[in-house]
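Me: I have a structure open here and would like to talk through how its parts pack. Can we start with a pair of helices and then move on?

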Amino acid sequence: MKISVIGCGYLGAVHAASMAELGHDVVGIDVDRAKIESLQQARAPFYEPGFEVLLGRSLASGRLRFSTNMADARGAVVHFLCVGTPQKRGEYAADLRYVEAAVESLLEALEPGDLVAGKSTVPVGTAARLAELIEGKVPGAMLAWNPEFLREGFAVQDTLHPDRLVYGLSPDPSGQTARAVLDEVYAPIVAAGTPQVVTDYATAEMVKVAANSFLATKISFINAMAELCEATGADVKQLADAIGHDDRIGRKFLNAGLGFGGGCLPKDIRAFMARAGELGADQALTFLREVDNINMRRRIRMVDLAREVLDGSLLGKRVAVLGAAFKPDSDDIRDSPALNVAAQLQLQGAVVRVTDPAAGDNIRRSWAQLDVVDTAEEAAERADAVLLLTEWQQFRDLDPVAFGRVVAQKRVLDGRNALDMDRWVAAGWTYRALGRRAG
Ligand code: UDX
């Protein structure tokens, strides 16, 4: 099947390579020349385990190519819309300018019978509006909404083996045609028995934001419990283990710590609130404001804890920050809680050294004021305190005995509840974490 993928950022690039892996003939299109050149040379423009191998394989098969020219989408029968929908500057709402520009230029290449499949996360109501536009300009062309749930760090696995397929379809007969086309695109995934949920446009759009809102709420719930644990002397990690055994609750996404960041959860819950306001349903989502507030409070609490451990003042104190990406196995620093904390510490007079296994170059590009070094040992040299802010496996695996020889003071603050407290305490460290007693 001939497929075009419009927008080759994180989602689009992985989707394009995955569709070629499924046997389709794919062209990935993006206006960013540098990105397209890099992808065409089998170099991933971002860090994602397994992606570069898949990209190389798909290019070598001859089934994948990249282009900056929208006219190359002509001839494809399915066009996946994968452009970004960032938060508007100074507002909660999503910025749809890339979606609109992509559809506008795609219209030139569309032919009757083509299917446009939206994957970007959009405010509810966008699909119906785009369907009208597309069907009005190119009679016989169709639109379906087919949200994507990939996680960074697991993007390839999540795309090739998703836990569900969601199709938002038109109520017209063309909806059933679109369904058959999508089934053909995803044939191996469908054959593997992946659950399918077939809905209208609005439900499909809502599935994505509702899922992300639920995940964000779950994280903020356990972080609110962490605040209570600090007030009562209880232990949030044991609490999460105990409530997580109830399979109605489940242990996943109950890791208390610095909270959520990245390019999705924060902006998606804000855009959802903004859209609810436009629809006159804002009351239904006021709890999400609290979810956001709890999340942002974690960052302040981390800085306060560092100050407390450093005898009441950050001024001139040497602080090592381990981890800067918004989560491990990613080089993405968008709305990274770790970087936010590092910057606050520096603003308050600490001498901060940051290290991250993958995000170093991104930090140097956009946070030039931060001192970035290559290894945990360099960051921790003569440090008065070490802060673990993104739980990369290599930081979890640090040997507290050897690492203790590098620092000036053996004080560790575990912002992700990821270290083995007993091991660090046994090696002579003062251990502090959010929502746990001092060790
Ligand atoms: C998320 C959704 O999981 C994915 O389905 C959607 O398509 C895009 O948004 P992603 O942003 O890649 O994916 O990361 P995710 O693994 O969900 O983590 C988000 C943030 O929550 C990270 O900052 C992570 O550190 C934090 N988190 C996660 C916690 O603080 N505690 C947890 O228990 C889990």
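**Helix packing, ligand shell and domains**

Me: How do the axes of helix 11 and helix 12 cross?
Reply: In this predicted model, the axes of helix 11 (residues 265-278) and helix 12 (residues 286-309) come within 9 Å and cross at roughly 155 degrees. Angles over 145 degrees count as roughly antiparallel, and helix 11 and helix 12 are therefore roughly antiparallel to each other.

Me: Left-handed or right-handed crossing?
Reply: Helix 11 passes helix 12 in a left-handed crossing, and the contact is made by Ile 269, Arg 270, Phe 272 and Met 273 of helix 11 together with Leu 288, Arg 289, Val 291 and Asp 292 of helix 12. By class, that contact has 5 nonpolar, no polar and 3 charged residues.

Me: Switching to the ligand, which residues come nearest?
Reply: Of the 19 residues around the ligand, Glu 152, Asn 255, Phe 260, Gly 262 and Cys 264 come nearest, while the whole shell divides into 10 nonpolar, 6 polar and 3 charged residues.

Me: And which domains does the shell draw on?
Reply: At least three residues of the shell come from each of domain 1 (2-194) and domain 2 (200-439), and helix 9 (residues 201-232) provides the largest share, 3 residues.

Me: What separates the centres of the two domains, then?
Reply: The centres of domain 1 and domain 2, taken over C-alpha atoms, are separated by 32 Å, and their contact takes 26 residues from domain 1 and 26 residues from domain 2.

Me: Which element gives the most on the domain 1 side?
Reply: Strand 7 does, with 4 residues on the side of domain 1 that touches domain 2, and the residues of that side divide into 19 nonpolar, 6 polar and 1 charged.

Conventions:
Residues are numbered from 1 along each chain as its sequence is written. This is a predicted model: local features need pLDDT of at least 70, side-chain atom pairs count only at pLDDT 80 or more; totals for chains, interfaces and linings use all residues. Axes are lines fitted to C-alpha atoms, for helices over the stretch in contact, and angles run from 0 to 180 degrees between N-to-C directions. Helices (H or I, at least four residues) and strands (E, at least two) are DSSP runs, numbered from the N terminus. Angles under 35 degrees count as roughly parallel, over 145 as roughly antiparallel, 65 to 115 as roughly perpendicular and the rest as oblique. A crossing is left-handed if the near helix is turned anticlockwise from the far one by less than a right angle, and right-handed if clockwise. Two residues are in contact if their C-beta atoms, placed from the backbone, lie within 7 Å. Ala, Val, Leu, Ile, Met, Phe, Trp, Tyr, Cys and Pro count as nonpolar, Asp, Glu, Lys and Arg as charged, and the others, Gly among them, as polar. A residue is near a molecule or strand if its C-beta atom, placed from the backbone, lies within 6 Å of it. Domain bounds come from an automatic or database domain assignment.
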